[in-house]
Amino acid sequence: MRWWFRAEEVTVTAGDSAAGRTKPPRRNLVAIIAIVVLSGAFFGYNQGVISGTLSDIRQAFHADTFAVEAAASWVTIGALVGALVGGHLADRVGRRGALWVAAATYIVGTIVQAAAPSIAVLSGARLVLGVGIGVASVAGPMFAAEAAPERIRGGLVAVYQLSITAAIFIGYLADELFTRSGSWRYLLGVAVLLGVALILITVVIPDSAIWYLRRGDRDRAQRSLARTVPRAKVQSRLQDMEKSLRGRQASWRELLSAQWRRPLALGIGLALFQQTTGINGIIYYADSIFAAAGFRTAEAQLSATTWAIGAVNTVFAVVAVGLLDRVGRRPLLLVGLLGMAAALVMVSVSFLKLGSGRSGTETPGLPDAGVFLLSGVILFIAFYAMTIGPATWTIINEIYPGPIRGRCVAIASATHWGAEYVITQFFLSLLDALGRAGVFALFAGLCALGFLFVWRYLPETRGKTLEQIQDMWAAGGRTHGHRKP
């Protein structure tokens, strides 16, 4: 990530003193990165680690299938509620204040779930920590988008998705290493360290300049902005921000007005396509997919999940951090959605061959269709991790004008969590109705629809300030990257 910091360094003239140099301190950008990392890790670690602890939880509480499924899925319901609340909190008490609420809620939920005396208490605790996850999913990326220099904003906000994937991978590894010893309470409880770390970091960093300007505190806004952008740019950026914040904050009803309808619909659409194009079906039901591919034992399936999904997801999320501000959001999404569609066609065809019994034994231990299936899954994860996974979080935190940003980011984030819950809840019903080949063919078709949606409606925002993006919507929001707003 060293290129991020070099991008914002400014050469001083001969008349500048050492004290007047315009290069922003690196430690401030590091603190913002840490906030985004921890906000993503809230969800990622819990999502990864819960998959390997459910059998121990079932045995500890003698719980039935419904109760165990509730314990796993209520985090997502809580996150949906937290996302809606998070937008209001971010506007009322600031981005930093909302992060404090997120961390405190997360800590309480984590401690209670680790010490839960019953499956009902465990489920309730996971609902509470889910609220913390949802608030952090709004406040963390929004804080980064507002505080980051425009040249590195895409990659910095994309760290949120990178953190989710890396934390999922860590959770998978923790399951593989420790669940055999019956230490599920410790595996769940150690997540409290993430909440404590977020509180400690947000204590020593100011809120975003946009928040201070909205409060009428120009001096603190100037000091906050000077911590992340070169001093020579501070006054012009403040003026642009003040211009973008003129007028009152839009009401919830006014979000549906013609003035704001297009960016709101764009964010909701991207959040839907991010979750309905197959990622949750593959992550949550990876064991059964790998069983069909020829991995017969539970240990082999867990190992395949850890490396074919967890490791690949993390590696290509790192790639996305470098590409978003170099290639741009729009071309990356277009290529990614096509690649995801092709990979899912491979998965669908593989299930057709496996189901019809027409596969051979070309590779020892795996049928040839199983190898094709595994390749399709890996390709899908790679394209998802470096395109729509991180790009969606970046875009929904940069496309909204100042008067509606908090509420629209909350709606788009809530759409993300709601879609994830619906897909997770009804995936098995889809399997029963359409079969494995049919479900993944459906996901491939949704990727194709996502491609058309991005092609038609998404403007390129790479290298633009948030204020320039706001002006772009006022000018009609032209969609093609080579046309300037």
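Select helix 17 (residues 368–386) and helix 18 (residues 388–396) in this predicted model, helices here being DSSP runs of H or I with at least four residues, numbered from the N terminus. Their axes, lines fitted to C-alpha atoms over the stretch in contact, come within 4 Å and cross at roughly 20°. Because angles under 35 degrees between N-to-C directions count as roughly parallel, helix 17 is roughly parallel to helix 18. Next show the side chains of Phe383, Tyr384, Ala385 and Met386 on helix 17, with Ile388, Gly389 and Pro390 on helix 18, which make the contact (heavy atoms within 4.5 Å).

Now colour the largest nonpolar core, which has 132 residues; such a core is a set of buried Ala, Val, Leu, Ile, Met, Phe, Trp, Tyr and Cys residues joined through side-chain atoms within 4.5 Å, with buried meaning under 20% relative accessible area for a 1.4 Å probe, protein chains only. Ile133, Ile282, Phe351, Val377, Phe380 and Phe440 have the most contacts inside this core, and helix 19 (residues 405–457) supplies its largest share, 17 residues.

Centre on Ile133, which touches Phe42, Phe43, Val75, Ala79, Tyr106 and Trp417 when residues up to four places away in sequence are not counted. Then move to a second, separate core of 13 residues, including Trp211, Val229, Val234 and Leu466.

Finally, display the whole protein chain, in which 59% of the 485 residues are buried and which has 20 helices and 0 strands.

Residues are numbered from 1 along each chain as its sequence is written, and side-chain values use heavy atoms, leaving out hydrogens and water. Local features need pLDDT of at least 70 and side-chain atom pairs count only at pLDDT 80 or more, whereas totals for chains, interfaces and linings use all residues.

Definitions and conventions:
Buried means under 20% relative accessible area, exposed over 50%, partly exposed in between (1.4 Å probe, protein chains only). Helices (H or I, at least four residues) and strands (E, at least two) are DSSP runs, numbered from the N terminus. Axes are lines fitted to C-alpha atoms, for helices over the stretch in contact, and angles run from 0 to 180 degrees between N-to-C directions. Angles under 35 degrees count as roughly parallel, over 145 as roughly antiparallel, 65 to 115 as roughly perpendicular and the rest as oblique.
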